[in-house]
Amino acid sequence: MNIYFNIRYEMDRDEVHKAIERRLPHPESDYICVADGVIVNMANRNLDYLKVVNGGLFSICDSSYVPIYLRLIYGLQYDQYCGAQIFRDIVSDQRYRMIFLGARQEVLDGLRKHIGQWNPDVKDMKFVELPFRKVEDFDYPAIARIIEEDGAEIIWVALGAPKQEIFMSRLKPYLHHGVMIAVGAAFKYYSGVDMGRAPQWMINCHLEWLYRLIKEPPKQFRRCFHIVRTLPRLLFHEWRRKREWRRKHESQTCNSSSGHPVSDP
């Protein structure tokens, strides 16, 4: 687990799943954020939201560009692990009892039908439409009771950012078990009744943002505008962070060769 662009990332897919497996037997709940470029941008413009994003187990990298930036700045080789993919991986794995929160009933019905092809057990799982309201107005104790009575281990949340991350942080104190994962538009992608994911060639060319922009112009234009406006500052701060670490590391190496005590970087 490492911090990049002020986000606590787990970039290793295997470690993501191992962490979920290790967490589930323990009392109390926790949550995982799926940090795309929008969340990275919003979290770096709002410190309260940044605390929410970093307040769970970790975030996975839903941005296809963050791995490119990390390769250019640090020379590191990482891959994107998007919300749609972790959703498919865990549902298809057929290991956990799950509950699905958010979206319209039409979307939930389509989702149940579609993902039942990956995992027949979902026909006996709950798909709960949440009322449209401000995040502070949800009845969190009542929602927690539904989850606890169901015995769900994985709680999927699809309310859109930043609402879904704040929702998980507020629900967490009322749950005694389970891992929540916010997957944004994944319910829509796999429902068959709403916006699907971009064609694979656009995903491979890092153009999924363009597909979303075409499908939802007003919403995505605002998001793209803020990302483009703040990206140079984020890149500069990450580059400076790398230089500061390298300077410290070189200084410690010199001290070590001189017989001086060295602390971990």
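Visitor: In which sense do strand S3 (residues 30-35) and S8 pair, and over how many bridges?

Guide: Good place to start! To read a pair of strands, check which way each one runs and then look for the bridges. In this predicted model, S3 and S8 pair in the parallel sense, over 3 bridges.

Visitor: Which sense describes the pairing of strand S7 (residues 154-158) with S8?

Guide: That pairing is parallel too, over 4 bridges. Here you can look for Ile-155, which stands opposite Met-180 in S8. Now follow the chain onward: from S7 it passes through helix H8 (residues 163-171) to reach S8, making a right-handed β-α-β crossover.

Visitor: How should I think about a core?

Guide: Here is the general idea: in soluble globular proteins, nonpolar side chains tend to be buried together. In this structure, the largest nonpolar core has 42 residues, and the members touching the most others are Tyr-9, Leu-101, Ile-147, Phe-167 and Leu-171. Helix H2 (residues 37-45) gives the most to this core, with 5 residues. Apart from it lies another core of 37 residues, including Ile-20, Ile-90, Met-125 and Val-179.

Visitor: Which residues is Tyr-9 in contact with, leaving aside its neighbours within four places in sequence?

Guide: Among them are Met-1, Ala-35, Val-40, Ser-59, Ile-60, Cys-61 and Val-66.

Visitor: How many disulfides does the count come to?

Guide: The way to check is to look at distances between cysteine sulfur atoms. The count here comes to 0. Take Cys-61: the nearest cysteine sulfur belongs to Cys-82 and is 9.9 Å away, so Cys-61 is in no disulfide, as the cut-off is 2.5 Å. Cys-61 is buried, because its relative accessible area is 1%, under the 20% limit. Cys-33 also counts as buried, at 0% relative accessibility.

Visitor: And the overall picture?

Guide: Step back and you will find 12 helices and 8 strands. Of the 265 residues, 45% count as buried. Among contacts with a separation of 6 or more, 73% join residues 24 or more positions apart. Finally, the protein exposes about 14,000 Å², with carbon and sulfur atoms supplying 53% of it.

Conventions. Residues are numbered from 1 along each chain as its sequence is written. This is a predicted model: local features need pLDDT of at least 70, side-chain atom pairs count only at pLDDT 80 or more; totals for chains, interfaces and linings use all residues. Side-chain values use heavy atoms; hydrogens and water are left out. A nonpolar core is a set of buried Ala, Val, Leu, Ile, Met, Phe, Trp, Tyr and Cys residues joined through side-chain atoms within 4.5 Å. Buried means under 20% relative accessible area, exposed over 50%, partly exposed in between (1.4 Å probe, protein chains only). Helices (H or I, at least four residues) and strands (E, at least two) are DSSP runs, numbered from the N terminus. Contact means heavy atoms within 4.5 Å. Two strands pair if DSSP finds at least two bridges between them. A crossover is right-handed if, with the strands pointing away from the viewer, the path from the first strand over the helix to the second runs clockwise. Accessible areas come from the Shrake-Rupley method with a 1.4 Å probe; for residues, only the protein chains shown count as cover.
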